[in-house]
Amino acid sequence: MESYEAINHRMYCAQGVKYELEREYRRDRERERAAAAAAAVAQASSDLDAAAKVEPAEPPAPPKRFPLRVVIVDNFDSYTFNLYQLLCKSLENPPLVIRNNEFDWPTFKSTILPQVDAVIVSPGPGHPENPKDFGICRDIIKYQQLPVLGVCLGHQGIAAAFACKVVRAPEVMHGRVCAVQHNGTGLYAGIPSPFNVVRYHSLIVDEDRLSPAIEADAWTTDESTGRRIIMGLHHHYSPQYGVQFHPESICSEHGQTIITNFCQLALDDRNCRGAALAGPSDAAWAGLVNQHTVVPSFYAPTVDPTRDERAAPARCRVYEMDWADPEAVYAKFYADEKYTVWLDSARVEGATRWSYIGAMSMHGFALSYSAKMKSLRTTYHPASDRAIDVQRGVDSFFDHLNEVQQKFRINLKHGPTVYSRFGKQIKLRRDALPPFLGGLAGYVGYEMKAESLSLPPHAKETGFPDASFVLLDRVLCFDHKTLTVYAAILDTPLLDNVPGLGPLSKSQFDWLRDVSTSMNTTFKLPPRALVPLAVEPHTLFTPDLDRDAYLAAIAQSRELIDQGETYEVCMTTTFRHRVPVGTRVDPFELYRSIRQRNPAPYGALLKIGDDVGTARWIACSSPERFLCLDRDGTVTMKPIKGTARRGATPDEDAAIRDALQNNVKDRAENLMIVDLIRNDLNLISKPDTVRVPHLMHVESYETVHQLVSTIQGDLDPRLTAVDALRHSFPPGSMTGAPKLRTVQLLEDQLEAPAPRGVYSGSIGFLSACGTAHFNVVIRTATYDPAIREIAVGAGGAIVALSDPADEWDEVLLKLNSAAAGVAAYLAELEGDAGAAAKA
């Protein structure tokens, strides 16, 4: 019996006469554009000297925008919205983005297809012949005649739909740059050959088993075998084009030109078919996009951009004080408080010039949330007459955070009232004001992925809430750059503040008087003795996954990578130490020990609970920023991927640093996360504002070198800091890519059954002035007195180039960054216990 593929191929061949004229028309247009592009290159070369001497009379013309309606079908990839932004630059109207399982084929054919001129089939995990991975994309490719551009998985899907074979590549290529040669037509008109592209794939289209309907038009050479690998293809009779590489990657060349060429091909096809140029009206298209797109900026806006900031419900006063050491201030004023927060820049660099300390006052409250139970617990100060409130069935914790932040919003245009040390009202430059002027401070644990990614909650819970924030109506802000302390006091009718002495309530006045009288440069604690450790810190801990189990999980991860299920897997495990019965742990001293041995720019000490006996503690020495939103609306993310130890001598240290900077594996890891974060930011940013000011540079810390990148975007004005946090969480550097599929694989197959909890989440603040700053919870110890357990998480990114033994060594290196401080503190406890026993 004739196969389905053969019947389909015969059908297309039978239509060859019909399509031949269209094909020749398109080829003529391609030849014209290629000739024009070649002439432009020749002219530019001949005029090079003159152009160097003469300033251009006017700026270059903006890229051409096409009157096309385009739909992107997202295969649940973490790079789709980088493609979206390239399309936005080439189209008069933004494209529609839908998931591959959002419609069945009959509904898509009747509802979406008549409204569009072209289709983009995105990258994604899995195999194009698996319906769960490819959804309606196969039907789109096989049963309609509009232009299609398939990227990576979409490219493979075009080949598979027309009887070609998709096989494993000779070498898995994820986050790797290579040179591609091409024939100079179609998608490649005006692009030099070869040019460099980024590849993310473990499967390829087998060139030896192409069907007659498919022709290759771009290639690269596999370095290990010398085999030619197809990087681009097109259909002979239907306007369908595929690229195996990722034109949207930050390190791919000529990505915008490829998208522009596809748009031109799509417009040519529409003209050839005689389709109406107008299509649906702009209003009708916008309505379709608003109804179906998955881009969050098209959701019902969280913020009304026309609101009057003068009607903001809160006001803020800031009081200048002398400098004092944050450790000493915490020890004197906050060690015995309920629900305390110390956001600590123990290592000062750039935007980390600020530290903050605060505690829940009698006017504040604390929020604790369980993702599994969907329960929200609101706790008030013991001096308050309000009882603990527990809400069940909370639909969205992030929505609740948004509501709370808006209730305590202060005027952004006129700023706070600032008083000098002498009580006079003064003006501070905008950049000299603390970014955190009171508001919500706390953490979002990794298990909040259930809400941000729309996944089922983890079956097990830790002893910590999945998210916890405290409303701080008064906070001390430490400016490490100018050595000045500011006391910020938030005042709103919602806090039930009673007018007392002047503009302050009596409790606020008493607090301000007490802290101001103690502020001076001599106010500091005695330094801790730096005692050499008698044992390797990791030997004091028991991991959830021991070395053999972790190496087995790495092997399983690499097999999943080879299968195309994921590109990069951020494996982790938790190391646990059980404190002996009767031993009293002082978490403040524990944190002092950690920050002494591993000072970090994004450290934190959080106390979650009402008293010392039952309060849970988080002692964090993170070097990694997750997300920062400044007063101008700029969102900055700063992922770390790539870690190496410090050297014993300056020469060795420099050699290790240089090796990290140029390591192919580490650069591939970093690039994958940079492209993922660009995707996350493109979801929430204004069009064409996402940029990468720093790509893969090395930062050095006390114990390690880190390969770091910086990505920025301008937040959509209809969204808030909470929206930015929600749509970017969890940090891509702690998941891998694609984010959704990899998170599912980690929880279902790879990591221990225990949840990550606080580890891999984010600690930070949501300021009443709209700013925010969150870290990535790594290099962190948590202490749960209910089970007398100190826990430290550690892990690393697994890619195709990973060496399992090296990966385990990297886990221990990262563990020891925090575990060394824990080990030193535990040694002190043992010494104290021994001394007490002798006495």
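Residues were classed by relative accessible area as buried (under 20%), exposed (over 50%) or partly exposed (in between), with a 1.4 Å probe and protein chains only. The structure is a predicted model, in which local features need pLDDT of at least 70 and side-chain atom pairs count only at pLDDT 80 or more, whereas totals for chains, interfaces and linings use all residues. Residues are numbered from 1 along each chain as its sequence is written, and side-chain values use heavy atoms, with hydrogens and water left out.

Side chains of opposite charge can pair when their charged atoms come close. With a salt bridge defined as a side-chain nitrogen of Lys or Arg within 4 Å of a carboxyl oxygen of Asp or Glu, the model contains 47 salt bridges.

One of these joins Asp688 to Lys89, with the closest N and O atoms 3.1 Å apart. Asp688 lies in the loop between helix H18 (664–684) and strand E29 (691–700), and Lys89 in helix H4 (residues 80–90), so the pair ties together parts 599 residues apart in sequence. Helices (H or I, at least four residues) and strands (E, at least two) are DSSP runs, numbered from the N terminus. Asp688 is exposed, at 54% relative accessible area, while Lys89 is partly exposed, at 26%.

A salt bridge of 2.7 Å, N to O, also connects Asp322 and Arg421. Asp322 is partly exposed, with a relative accessibility of 38%, and Arg421 is likewise partly exposed, at 38%.

Glu789 pairs with Arg578 at 3.6 Å between the closest N and O atoms. Glu789 belongs to strand E35 (residues 789–798) and Arg578 to strand E23 (residues 568–578), so this contact ties together parts 211 residues apart in sequence. Glu789 is buried, at 11%.
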